[in-house]
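Trainee: Before I rely on any label attached to this model, could you take me through the terms and the values behind them?

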Amino acid sequence: MLDPDPSHQVLPQVTSPESALLGVVDAVSLETPAEMYRESFLVGATAFVAEKRLESTYAPFLGYDVHRLRREFGTFVWDLKQLADDSRLHSSGYRDHVFWLIDDGEYIGQTSIRPELGTPYLITYGGHIGYSIRPDRRQQGYGRRILSLALDECSRLGMDRVLITCDEDNMPSRRIIEANGGTFESGLTMDRAIRRAEGRKSEKDIQKLRYWIELRDRRR
Ligand SMILES: CC(C)(COP(=O)(O)OP(=O)(O)OC[C@H]1O[C@@H](n2cnc3c(N)ncnc32)[C@H](O)[C@@H]1OP(=O)(O)O)[C@@H](O)C(=O)NCCC(=O)NCCS
């Protein structure tokens, strides 16, 4: 039953300026991983498996396949959150804050923010932010949106500017970075050892493009 006192009613958040202008309620937000998103996460994970990209969810890195995710989802969520723990600064050189993009209660994608570029790989090829949208929800503007929300989060974490990288042939990602104000710095060829370490089988040279986004302006 609705609470008759308007001050007690929780109103949906309007988070996009475009939506606010149009008076449209927008239920898209970044949330810390939680067990309540289990069902839609598993649908997304299955779609990532089909395109051989489950690593976008960090599951393989943490030792999970889809079967183990189904069995031990709560532990997976806990493991993901541990990546942001301060103790990781000593063991790995950086923390990784993982957020899920949620629309209307449903898992849509993931972004990870690494405030410290604490390894040679991160400072050269990885950058501060990674993101992915589950395959069955692409080309609907979520990619552009997840980076915009991740930049707000970086601002909250006190970061002044962020490095974002993408493969030269990843046109959607390039468009997302440029739409969010990315300034191109340089392109680097990834050597074979690095390609292998990323789990890439291709023998083809890959160009990584490096972009910077200033966050000071967003705080004004
Ligand atoms: C890259 C990725 C996040 C894009 O997500 P998305 O939700 O499809 O992105 P958007 O809908 O916001 O689209 C961004 C732009 O790319 C275009 N685009 C997206 N997919 C496209 C495709 N397959 N072909 C052509 N254009 C495409 C969109 O039309 C849009 O163009 P616009 O700027 O003219 O509007 C998604 O493809 C993904 O998760 N890929 C795997 C992981 C990855 O590559 N992450 C990035 C690492 S740097």
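Mentor: Let us start with handedness: a crossing is left-handed if the near helix is turned anticlockwise from the far one by less than a right angle, and right-handed if clockwise. Please keep in mind that this is a predicted model, in which local features need pLDDT of at least 70 and side-chain atom pairs count only at pLDDT 80 or more, while totals for chains, interfaces and linings use all residues. Residues are numbered from 1 along each chain as its sequence is written.

Trainee: What is the handedness of the crossing of α7 and α8?

Mentor: The crossing of these two helices is right-handed, the clockwise case of that rule. Helices (H or I, at least four residues) and strands (E, at least two) are DSSP runs, numbered from the N terminus.

Trainee: Why is α7 called oblique to α8?

Mentor: Their axes come within 9 Å and cross at roughly 45°, where axes are lines fitted to C-alpha atoms, for helices over the stretch in contact, and angles run from 0 to 180 degrees between N-to-C directions. Angles under 35 degrees count as roughly parallel, over 145 as roughly antiparallel, 65 to 115 as roughly perpendicular and the rest as oblique, and therefore α7 is oblique to α8.

Trainee: Which residues make the contact between α7 and α8?

Mentor: Gly143, Arg144 and Leu147 of α7 meet Pro172, Ile176, Ile177 and Ala179 of α8, contact meaning that C-beta atoms, placed from the backbone, lie within 7 Å. By class, this contact has 5 nonpolar, 1 polar and 1 charged residues, with Ala, Val, Leu, Ile, Met, Phe, Trp, Tyr, Cys and Pro counted as nonpolar, Asp, Glu, Lys and Arg as charged, and the others, Gly among them, as polar.

Trainee: What makes β5 and β6 edge strands?

Mentor: Two strands pair if DSSP finds at least two bridges between them, and the open sheet of 3 strands has the order β5-β7-β6 with antiparallel pairing. β5 (161-167) and β6 (183-190) each have a single partner strand, so one side of each is left without a neighbour in the sheet. β5 is joined to β7 (206-214) by 7 bridges, and Cys166 has Leu209 in β7 as its bridge partner. α8 lies across β5 and β7, at about 160° to β5.

Trainee: How do you know that β3 and β4 pair?

Mentor: β3 (106-113) and β4 are linked by 5 bridges in the antiparallel sense, against a requirement of at least two. Within this pair, Gln110 stands opposite Ser132 in β4.

Trainee: Which residues are closest to the ligand?

Mentor: Ser132, Arg138, Gly143, Cys166 and Pro172 are the closest of the 19 residues that surround the ligand, a residue being near if its C-beta atom, placed from the backbone, lies within 6 Å. α8 gives the most to this shell, with 6 residues.

Conventions
Contact = placed C-beta atoms within 7 Å.
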